[in-house]
Amino acid sequence: MAASLGGCPHFGRVTLVRVSGADHIRTTEKLAPLIRRHADEAERIRHLPRPVAEAFAKHGLYRLAGTPDIHGADADPMTQIGVIEAASRADGSAGWNLMIGIETFGLIGPGFKGRCPELIDDPMTVMASSTAAVGRAQKDGNGWRVSGQWQFVSGIHNAQIFGATVRLYDGDELLDEGNRYAVVPEGEFEIVDTWHVAGLRGSGSHDVRLDDVFVPDSRIIAPIGGNEATTPQLRLPLGNRLAYNKAAVAIGIARAGIDAFVDLATAKQPRFTSKTVRERPFAQRAIALAEARLTGARAALMELTTASWETVLRGDDVSPKHRALFHIVASDTARAAVETVEILCEAAGTSANRIGEPLERISRDVRVVRQHATVAPHLMEDAGRTLLGLESQSYVVRSRGA
């Protein structure tokens, strides 16, 4: 039997702590000790521990990108970046979970209006979804029979509802070419243990399987990019929204790398010397280069994000050139985060390779972010096509607002 979503059985119904603007970032920073306490557990069990997910939900962090009419905070994208950075600085996997939760609610949540708003009435309800596969929804009376398996469902262990990307069929006839989300409550989806990885182990990005699950028609909602652009948040280019959140995770992890290197360099005294690592000119140069690379990349990302936000606040569309520039900068930010950590690991010596040392996990985690399709290196080339007057070949770069 499916669990009732009204009371959110895992977390219970609570009243959200209402904060706004910079307060969201400070709230996340205050959660850093809790996140760090559970980081090793997340690595071991390969998903986010419940106390961390519960804290994110209690403080409304999963709903930052949602508009007020769907119980969201409607926080601007710069705030979202800051919050995700803060969580990722405490632990990359926790930051990734929070990022996906923010993104999912902001992009899918509007589809619940007029369809099944009761499913998200409880502020502790957490959503997970996947666009990595497209399942089949077969017409059955006043609903649909849904089957399929979806990959990379980050945060699914703490989710009360799952959004499965599907196409609608009546018999053998495909009803239209567009995708939809089939919303399935906890108890009706199966988590498949597939997340056996090195980096971001605690993100819990396992598969989800549905086997002939009945979904009422009211729980078939619009997909990502399928909602009417009625607010500035929804008028932001979809591809850019998908990119800046990933870049924020990378920045937070790399910032943790700088923190870890400073601690190591202050305490470590290499063999055959009486000096600490921080007294070496090579280490001094490394920290300077790392700081310059990361700070510069973050500043560029925030500048373009702010410009996009100001554009949509005016009611204007973000131009193709600006969308392309955004992807160039977002992809370079992910690259900068990896390079930052590589510089520090080189200066740290063998300590950076020792299991249990912060830099070892950080170096594994930060590389995974750059592998994501929305900040992958090849997007820079495709965005460059736009700057040269050619048509972009990537949907991520071409995409407009919802």
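# Helices, pockets and cavities, question by question

User: How do you know that helix α8 and helix α11 pack against each other, and at what angle do they cross?

Analyst: In this predicted model, the axes of helix α8 (residues 238–267) and helix α11 (residues 358–370) come within 9 Å and cross at roughly 160°.

User: What makes α8 and α11 roughly parallel or roughly antiparallel?

Analyst: Angles over 145 degrees count as roughly antiparallel. The crossing of α8 and α11 is at roughly 160°, and therefore the two helices are roughly antiparallel to each other. As for the hand, α8 passes α11 in a left-handed crossing.

User: Which residues make the contact of α8 with α11?

Analyst: From α8 come K246, V249, A250, I253, A256, G257, A260 and F261. From α11 come P358, L359, I362, D365, V366 and V369. Sorted by class, this contact has 11 nonpolar, 1 polar and 2 charged residues.

User: And what about α6 and α8: why are they called roughly antiparallel?

Analyst: The axes of α6 and α8 cross at roughly 165° and come within 9 Å. Over 145 degrees is the range for roughly antiparallel, so α6 is roughly antiparallel to α8. This crossing is right-handed.

User: Which residues do α6 and α8 bring to their contact?

Analyst: On the α6 side you will find G92, G95, W96, M99, E103, G106 and L107. On the α8 side there are L238, R241, L242, N245, K246, V249 and I253. By class, 7 are nonpolar, 4 polar and 3 charged. K246, V249 and I253 of α8 are also named in the contact with α11.

User: What about helix α9 and helix α10: at what angle do they cross?

Analyst: Helix α9 (residues 281–313) and helix α10 (residues 320–348) have axes that come within 9 Å and cross at roughly 160°. With the cut-off at over 145 degrees, α9 and α10 are therefore roughly antiparallel to each other. Here α9 passes α10 in a left-handed crossing, and their contact has 21 nonpolar, 5 polar and 5 charged residues.

User: What is the volume of the largest pocket, and what lines it?

Analyst: Its volume is about 930 Å³. The lining of the largest pocket has 34 residues, and E103, T131, A132, H372 and T374 lie nearest the centre. The elements that give two or more residues to this lining are α6 (92–108), β1 (127–140), β2 (143–153), β5 (180–185), α8 and α13 (395–398).

User: Which element gives the largest share of that lining, and how do its residues divide by class?

Analyst: The largest share comes from α6, with 6 residues. By class, the lining of the largest pocket has 18 nonpolar, 13 polar and 3 charged residues.

User: How much space lies in the second largest pocket, and which residues are closest to its centre?

Analyst: About 520 Å³ of space lies in the second largest pocket. There are 23 residues lining this pocket, and A90, D91, P358, R361 and I362 are the closest to its centre. Two or more residues each come from α3 (39–45), α5 (77–90), α8 and α11. The largest share, 6 residues, is from α11.

User: How do the lining residues of the second largest pocket divide by class?

Analyst: That lining has 8 nonpolar, 3 polar and 12 charged residues.

User: What makes a space a cavity rather than a pocket, and how many cavities are there?

Analyst: In a cavity, a 1.4 Å probe fits but cannot get out, whereas a pocket is an open set of points. By this rule there are 4 cavities of 30 Å³ or more, and the largest cavity has a volume of about 50 Å³.

User: Which residues line the largest cavity, and how many of them are charged?

Analyst: The largest cavity is lined by L48, A53, Y62, N97, I100, G101, V126, M127, A128, S154, G155 and N158. By class, 7 are nonpolar, 5 polar and none charged. Both α6 and β1 supply at least two residues of this lining, and α6 gives the most, with 3 residues.

Key. Residues numbered from 1 in each chain as written. Predicted model: local features only at pLDDT ≥ 70, side-chain atom pairs only at ≥ 80, totals over all residues. Heavy atoms only, no water. Axes fitted to C-alpha atoms, helices over the stretch in contact; angles between N-to-C directions. Helix = DSSP H or I, 4+ residues; strand = E, 2+ residues; numbered from the N terminus. Parallel < 35°, antiparallel > 145°, perpendicular 65-115°, else oblique. Left-handed = near helix turned anticlockwise from the far one by under 90°. Contact = heavy atoms within 4.5 Å. Nonpolar A, V, L, I, M, F, W, Y, C, P; charged D, E, K, R; others polar. 1 Å grid on protein atoms, 1.4 Å probe; cavity = no way out; pocket = protein on both sides within 12 Å on 5 of 7 lines; lining within 4 Å. Points joined across faces, edges and corners; volume = space filled by probe spheres on them.
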